[in-house]
Amino acid sequence: MRPQLAELNVDARGQVCPLPIIALARVAAGASSGDTITVECTDVAARVDVPAWARMTGNDFVGETETDGGAFALTVRLR
Amino acid sequence: MSPSRTFLDAGGSAPLTQRTRDALVAGFAEGWADPDRVSSEARRARSLVDGSREAMADALGARTEDVHFTSSGVAGLERVIAGVWTARRGREEVVVSAVERDATVHAAQFVAGRAPREIRVDALGHIDRDDLAVALDDPAVALAAIQHANHELGTVQDLAAIHELTAARGVPLVVDATSSIGHIASPESWDALAANPADWGGPSGIGVIALRPGTRWLPAWPEGDDWAPGGVSVPLVLAATVALQERLENADSEATRLADLIDVVRARMRAVPGIDVVGDPERRLPHVVTFSCLYVDGEALLSRLDREGFAVGSGSACTTSSLEPSRVLAAVGALTHGNVRIALHPGITSDDVDRFVDAATRVIEDLRSEAGAPAIG
């Protein structure tokens with residue numbers, strides 16, 4: 001039976017680099033292949049750093065959406 | 001603890017050699033008079049400027065009368081962009097690459113009253129020439145401002161191919177050579193050029209502009225010499241020229257030596273897990289490299305390294321006055337936090353570089369473990 005894929009969230013609003021990426025990596029360490037993780041953040045550097053993290057760690061960057069209050073939601077899928 | 005210092009942040013401000021300091025002192029002794037007046041003292045000052053201008057023109061591959069001095073590398077970029085833009089009456093758009101200096105982008109925005117059109121670059125920092133060609137087809141384009149080499153990535157642009165595109169459309173190409181002159185051969189393909197003596201070990205407070213004979217520009221300010229309002233500093237002009245001549249005497253062997261040292265930094269940092277070494281590994285400045293470290297706070301990294309005796313630069317947001325990370329790192333999709341930029345100068349040895357890499361590797365590991373970052377790889 002195919003296991004259920006998890007959709008995980010990280011609330012990194014108000015945090016500045018590199019904290020949102022460290023928070024993302026901690027959640028990723030406990031997640032499985034195929035899971036998605038969405039990082040909500042206000043730090044503009046994360047918009048570059050989340051895709052860079054995915055590239056450097058061999059995972060996939062899915063995309064970015066703008067959320068309420070000028071925050072961004074950045075999603076990655078684990079390989 | 002040894003107080004020894006290793007200065008690896010020589011981009012835009014390199015230490016002055018004894019010869020350059022001597023030239024500065026000689027300039028103040030012999031060239032204190034206003035070179036624009038008619039006395040013997042003024043003539044002596046003027047002859048120092050004229051001799052320097054001739055030597056500078058020779059180094060830049062320009063005509064002597066087309067070389068101008070101004071008050072800094074940034075002022076040179078601002079003045080030349082404003083002057084060339086003003087002469088292109090009716091055309092307003094400025095085209096820049098996505099990895100230009102903030103000063104270039106800000107100058108373009110200031111003169112044109114709107115953000116310049118940014119041409120994308122590839123992951124190594126090379127400008128997308130198809131994108132550039134499309135942008136240049138717009139008849140509203142006043143000028144293109146594109147760098148010779150990038151101050152963070154080290155990547156050297158193919159200016160010959162870029163100039164072919166601008167020249168075919170009659171668009172003047174302003175080249176920012178503020179990171180390359182004194183390190184690699186001066187570029188040949190440009191209509192106007194800006195150089196920064198402090199970057200090659202000259203004094204700060206002086207910039208150099210060169211124009212091609214056919215390049216039109218108009219003054220933006222009322223004083224006679226639009227490049228250096230109030231006149232140039234003769235001692236700074238002299239010392240900047242002597243510093244460049246000294247660099248050019250050993251340019252080839254020094255470029256090879258420094259390029260080998262940077263190769264060592266690139267290879268050894270790449271071997272550390274979670275390090276993004278950016279820029280073109282081949283077509284690059286010999287003395288510059290930038291890398292970013294996952295899970296590392298850039299400011300903490302710089303201050304730890306400084307405490308260990310190493311001065312380095314950074315494009316991370318937390319190390320600058322703005323909240324925005326370096327536009328250069330963002331443009332190439334590089335990690336922007338934990339960023340270190342190294343720019344070597346002739347005083348740096350192989351031993352210095354080895355000690356730096358050892359210290360950086362240790363500091364990165366410490367900071368990651370203090371931050372509770374998960375293991376990588």
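Me: What does the secondary structure of chain B come to?
Reply: Eleven helices and twelve strands in chain B. Keep in mind that this is a predicted model.

Me: What box do the C-alpha atoms of chain B fill?
Reply: Roughly 70 × 50 × 35 Å, taken along the principal axes.

Me: And how does the radius of gyration of chain B sit with a compact globule?
Reply: It agrees: chain B has 21 Å, and a compact globule with 377 residues would have a value near 21 Å.

Me: How much of chain B is buried?
Reply: Buried residues are 54% of the 377 in chain B.

Me: What share of the contacts in chain B is between residues 24 or more positions apart?
Reply: For chain B that share is 71%, counted over contacts with a separation of 6 or more.

Me: Domains next. What does the assignment give for chain B?
Reply: Domain 1 covers 18–249 and domain 2 covers 250–370. Their centres, taken over C-alpha atoms, are separated by 27 Å.

Me: How many residues are in contact between domain 1 and domain 2 of chain B?
Reply: 23 residues of domain 1 are in contact with 24 residues of domain 2 in chain B. On the domain 1 side, α7(B) gives the most, with three residues. By class, that side of domain 1 has ten nonpolar, nine polar and four charged residues.

Me: What about the largest nonpolar core, how many residues does it have?
Reply: The core has 140 residues, and B:Ile81, B:Val174 and B:Leu193 have the most contacts inside it. Helix α7 of chain B, residues 234–249, supplies the largest share, nine residues. Domain 1 and domain 2 of chain B each contribute at least three residues to this core. As a general point, nonpolar side chains tend to be buried together in soluble globular proteins.

Me: Which residues is B:Ile81 in contact with, leaving aside neighbours within four places in sequence?
Reply: B:Thr104, B:Ala107, B:Ala108, B:Val111, B:Ala145 and B:Val174.

Me: Back to α7(B). Is that helix mostly covered or mostly open?
Reply: Mostly covered, with 13 of the 16 residues of α7(B) buried.

Me: What span should α7(B) have, and what are its end C-alpha atoms doing?
Reply: At 1.5 Å a residue, the 16 residues of α7(B) should span 22 Å; the end C-alpha atoms are 23 Å apart, so the two values agree.

Me: Now chain A. How many of its residues are in contact with chain B?
Reply: 16 residues of chain A, in contact with 23 residues of chain B. On the chain A side, α1 (19–29) and α2 (45–57) each supply at least two residues.

Me: What about phi at B:Tyr295?
Reply: Phi at B:Tyr295 is positive, about 70°, although this residue is not a glycine.

Me: Where does B:Tyr295 lie?
Reply: In the loop between β10 (288–293) and α9 (298–307) of chain B.

Me: Buried or exposed?
Reply: B:Tyr295 counts as buried because it has 25 C-beta neighbours inside 10 Å, and the cut-off for buried is 20 or more.

Key. Residues are numbered from 1 along each chain as its sequence is written. Chains are lettered from A and ligands numbered from 1 in the order in which they are written. This is a predicted model: local features need pLDDT of at least 70, side-chain atom pairs count only at pLDDT 80 or more; totals for chains, interfaces and linings use all residues. Two residues are in contact if their C-beta atoms, placed from the backbone, lie within 7 Å. Helices (H or I, at least four residues) and strands (E, at least two) are DSSP runs, numbered from the N terminus. The radius of gyration is taken over C-alpha atoms; the globule rule is 2.2 Å times the number of residues to the power 0.38. A residue is buried if 20 or more other C-beta atoms lie within 10 Å of its own, exposed if 12 or fewer, and partly exposed in between; C-beta atoms are placed from the backbone. A nonpolar core is a set of buried Ala, Val, Leu, Ile, Met, Phe, Trp, Tyr and Cys residues joined through C-beta atoms within 7 Å. Domain bounds come from an automatic or database domain assignment. The expected span of a helix is 1.5 Å times one less than its number of residues. Ala, Val, Leu, Ile, Met, Phe, Trp, Tyr, Cys and Pro count as nonpolar, Asp, Glu, Lys and Arg as charged, and the others, Gly among them, as polar.
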